[in-house]
Structures are given as C-alpha cells and as structure tokens.
Amino acid sequence: MSIPDYQTVMLPLLEHLGDKEEKATRETLDALASKFNLTEEEKKELLPSGQQPIFSNRVGWAKVYLKKAGLIESTRRGYYKITQKGLNIFSEKPSKIDNEYLKQFSEFLDFTKGRSEKGGNEGKNIELCDIANEKTPEEYLEFGYQKIHKDLSQDILDRIKGCSPAFFERLVIELLLKMGYGGSRKEAGKTIGRSGDEGIDGIIKEDRLGLDVIYIQAKRWENTVGRPEIQKFAGALQGQRAKKGIFITTSNFSKEAQEYASLIESKIVLIDGEQLSSYMIDLDIGVSKVASYDIKRIDSDYFAEE
C-alpha cells in the first residue's frame, strides 16, 4: 500500500485514540503504519529536503488539523489524547474524516480562514482547506521548490549550450573553485584547458597544496556520452599514471558509460547536464536569490517550566 495522504490518516488516528488513553507520538506512528500496511521503505521515505519522513509529516499534520477542530488535545510534549468532542464524533462512526468534514467545527473554520483574535478575517487569506487537500503544507512548499529548481536547472542548461566553448571553460573553472578545488583562480585558469593530452582537457589541484591532481574532460554536447568516450578518457588517465578524473558534459551518460566508470580502477566522476546546472544553483553560479522562506516550529523546551 502506498503512503496515505494526511486526510486519509485522520479517521484511523481518531480511532487509535478512541480508547481515551494518552498516546505517545512513536506509539501512534507505529500503530498507524501497521494499520496502513506500510513497508520499512515506505516508513523511511523522506520529503524532498531529506529532513523528515513523509509518513511522519502527514501524521503530524493530521494531528494538527484534528487538534484545531477540537477533536484531540496535546496533554504534554509528544503525547495526545481524544477530547470529549472527539469521543462524540468517534461514537457516530463516520465513514471518513477530512478537511471538508472538519468544516462543521467553528474552531477549524477560524483556523483555516486565518481569523484574528478580534474575530475579523485578515484580508483575502487563502484557506488551508483549499491549498492542502492531499499534500501537507510542507509538501506543497517542498515539491513547489523542486519544480522551481527543475525549471531553473533546464533554463541554465539551455543558456550554457548556447554559449561559447571559452565561456564553458570559464564556467568549469568557477564550478570547481566553488567546490574547493584548484587553489586560486589564477592557478586554475592556467591548468584547465591547456594540457593538450589526448582525452584530457585540463588538470586541477585537488586541494590548495596540490598534494594530488584531478584530470578533467569537459564536453558541451547534445548527444549522449557513451562508453567509448569514457574508455578513451580512462586510457588517457592511465597514460598519465593518474587515478582521478572528472568528466563533465552538458548532455547525459549512457547506462553502459556509467557502469564502466563504476567498475574501473581509476576513480572517474561523471557530471551530466542536470547535475551541472544543479551544482550551479546550489553554489550560486549564474543565479541570484529572489526570495527565501524560513520554516519554523515550536521550541517545546523554551516553554517547559521547571
């Protein structure tokens, strides 16, 4: 069974608390995971940020919404129990509990419409019920970010393909310097694109002291890079008695090329166009920040009284 959305979790969560006993978060997660027959892989599957399991996030938001509707309450840090209102709903044995169902409760409507303490609506706030039907608010943010990142990545790649070979060479220098390779910009500029060895476009220091070097090949290609190209590069490395290389392309690598690179003695890192543009975004190369958002949560320790 796939991971249920947070609204699907609501009714089983209320049923889990229906015995009136106080339940810990971990106990609840385990019980609901068993209820939905989730595999270990599904329980561990993370949000795009890699910071939290998807299932845990969805159970957490199901708790938030049930709590805002007054059906459950937090008794202490990490513990919940059903309220009398929740018991009344539980006794009615509803077939489904979701955002639409919770709209019957004034507390939930106040929460979703973003009313101020004085009771007035704050402008034209978007109702949470409208924007969070299947995904949780965090999922909307994270998947939205991934969509923006992917579109920007493609735009960057299109720009790179339209630039000159000299620009691409400078871009490779900038990328490797930002990653911590090459020492100074002056030294990197002298070593990349100047070796003239067959199958090798340049050499760059692995660290500032130059204790080891990395051989580089950078190709501004449209076609897929196949195994023969990687074999040629590996042969050039052997000719230099080198063990480390980076092959950068604006296109992609065939499965055979990737398998070959993973099996040979020399360590060759393959960077395709998608990875290249993603690195550029992460390292702020060729992009500028438009906006940023900090996601915060309650610091329970702050409110804990001795």
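**Nonpolar cores and helix packing in a predicted model**

Reader: Which residues have the most contacts inside the largest nonpolar core?

Author: In soluble globular proteins, nonpolar side chains tend to be buried together. Here the largest nonpolar core has 33 residues, and those with the most contacts inside it are Met 10, Phe 55, Leu 66, Leu 71, Ile 97, Leu 102 and Phe 105. A nonpolar core is a set of buried Ala, Val, Leu, Ile, Met, Phe, Trp, Tyr and Cys residues joined through side-chain atoms within 4.5 Å. Buried means under 20% relative accessible area, exposed over 50%, and partly exposed in between (1.4 Å probe, protein chains only). The model is predicted, so local features need pLDDT of at least 70 and side-chain atom pairs count only at pLDDT 80 or more, while totals for chains, interfaces and linings use all residues. Residues are numbered from 1 along each chain as its sequence is written, and side-chain values use heavy atoms, with hydrogens and water left out.

Reader: With which residues is Met 10 in contact, leaving aside neighbours within four places in sequence?

Author: Contact means heavy atoms within 4.5 Å. By that criterion, Met 10 meets Ala 62, Tyr 65, Leu 66, Ile 97, Asp 98, Asn 99 and Leu 102.

Reader: At what angle do the axes of α1 and α4 cross?

Author: Two packed helices are described by the angle between their axes and the distance between the axes. Axes are lines fitted to C-alpha atoms, for helices over the stretch in contact, and angles run from 0 to 180 degrees between N-to-C directions. The axes of α1 and α4 cross at roughly 70 degrees and come within 8 Å. That makes α1 roughly perpendicular to α4. Angles under 35 degrees count as roughly parallel, over 145 as roughly antiparallel, 65 to 115 as roughly perpendicular and the rest as oblique. In α1, Tyr 6, Val 9, Met 10, Leu 13 and Leu 14 meet residues of α4, including Trp 61, Ala 62 and Leu 66.

Reader: How is α1 placed relative to α2?

Author: Their axes come within 10 Å and cross at roughly 120 degrees. That makes α1 oblique to α2. Among the residues making the contact are Val 9 and Leu 13 of α1, together with Ala 31 and Leu 32 of α2.

Reader: Is Gly 86 buried or exposed?

Author: Gly 86, in helix α5, is buried, with a relative accessible area of 0%. Not counting residues up to four places away in sequence, Gly 86 touches Leu 14, Gly 70 and Leu 71. The C-alpha atoms of Gly 86 and Glu 15 are separated by 9.6 Å, although the two residues are 71 residues apart along the chain.

Reader: What is the phi of Lys 20, and what is that of Lys 93?

Author: Most residues other than glycine have a negative phi, and most peptide bonds are trans. Lys 20, in the loop between α1 and β1 (23-24), has a positive phi of about 70 degrees. Lys 20 is exposed, with a relative accessible area of 54%. Lys 93, in the loop between α5 and α6, has a positive phi of about 50 degrees. At 68% relative accessibility, Lys 93 counts as exposed.

Technical notes. Helix = DSSP H or I, 4+ residues; strand = E, 2+ residues; numbered from the N terminus.
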